[in-house]
Amino acid sequence: MTALNLAAARKIVEVTLQTARDHGFKPMSVVVLDAGGHVIAFEREDGSSAGRFEIARGKANGCIMLGMGGRAQMARAEQQAYFMGAINGLFDGKVVPVPGGVLVRDGEGTLIGAVGVTGDTSDNDATCALAGIKAAGFVGED
């Protein structure tokens with residue numbers, strides 16, 4: 001298993017933000033969590049609106065807590081709203097089940113963390129997260 005350490009987390013953040021700038025997206029905020037849900041790295045671009053840390057962390061936290069990416073969580077919420085509502089209650093409202101939350105797996109498929117990105121559309125957030133994860137040598141699952 002390859003570890004998701006601070007250097008790798010910084011690479012994810014760097015490439016995620018650069019991808020957003022390259023595409024002309026709105027200012028982004030990015031959080032990287034380890035497999036236990038602990039924050040390894042967070043950056044908020046100038047011009048990001050208030051509350052972006054909580055949103056980014058909620059996207060990544062849902063991935064860790066449920067073992068599924070944000071896109072899969074959103075589909076589950078659409079199919080089973082009561083279940084996802086209950087899950088969010090269990091986790092004190094700290095699950096944001098939309099794209100932009102991406103699982104991070106190593107080359108062997110082991111879950112090693114999650115990334116949460118917010119600032120533009122959820123699909124654009126996910127695009128940036130996936131680019132950052134790939135650049136760090138991992139596999140993203142949204």
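Analyst: A polar contact is a pair of N or O atoms within 3.5 Å; within protein, one atom must be able to donate a hydrogen and the other to accept it. In this predicted model, such a pair is found at the start of helix α1, where a side-chain oxygen of Asn5 comes to within 3.3 Å of the backbone nitrogen of Ala7. The helix itself covers residues 6–22, 17 residues in total, and its first and last C-alpha atoms are 24 Å apart, close to the 24 Å expected at 1.5 Å a residue. After α1 comes Gly24, with a positive phi near 70°.

The buried residues of α1 are Ala8, Ala9, Ile12, Val13, Val15, Thr16, Leu17, Thr19 and Ala20. An α-helix has 3.6 residues a turn, so residues three or four places apart point the same way. The cover over the buried residues of α1 includes the strands β1 (29–34), β2 (39–44) and β4 (111–118), together with helix α5 (122–135).

Thr16, a residue of α1, has a relative accessible area of 0% and is therefore buried, the cut-off being under 20%. Beyond its neighbours within four places in sequence, Thr16 is in contact with Val30, Val117, Cys128, Ala129 and Gly132.

The covering strands belong to an open sheet of five strands, ordered β2-β1-β4-β3-β5 with antiparallel pairing. Its edge strands are β2 and β5 (139–141), each of which pairs on one side only. From one strand to the next, the twist averages 20°. Another helix, α2 (residues 52–66), lies across β1, β2, β3 and β4 and runs at about 145° to β4.

Terms used. Residues numbered from 1 in each chain as written. Predicted model: local features only at pLDDT ≥ 70, side-chain atom pairs only at ≥ 80, totals over all residues. Heavy atoms only, no water. Helix = DSSP H or I, 4+ residues; strand = E, 2+ residues; numbered from the N terminus. Expected span 1.5 Å × (residues − 1). Buried < 20%, exposed > 50% of the residue type's maximum accessible area, 1.4 Å probe, protein only. Contact = heavy atoms within 4.5 Å. Pairing = 2+ DSSP bridges. Axes fitted to C-alpha atoms, helices over the stretch in contact; angles between N-to-C directions.
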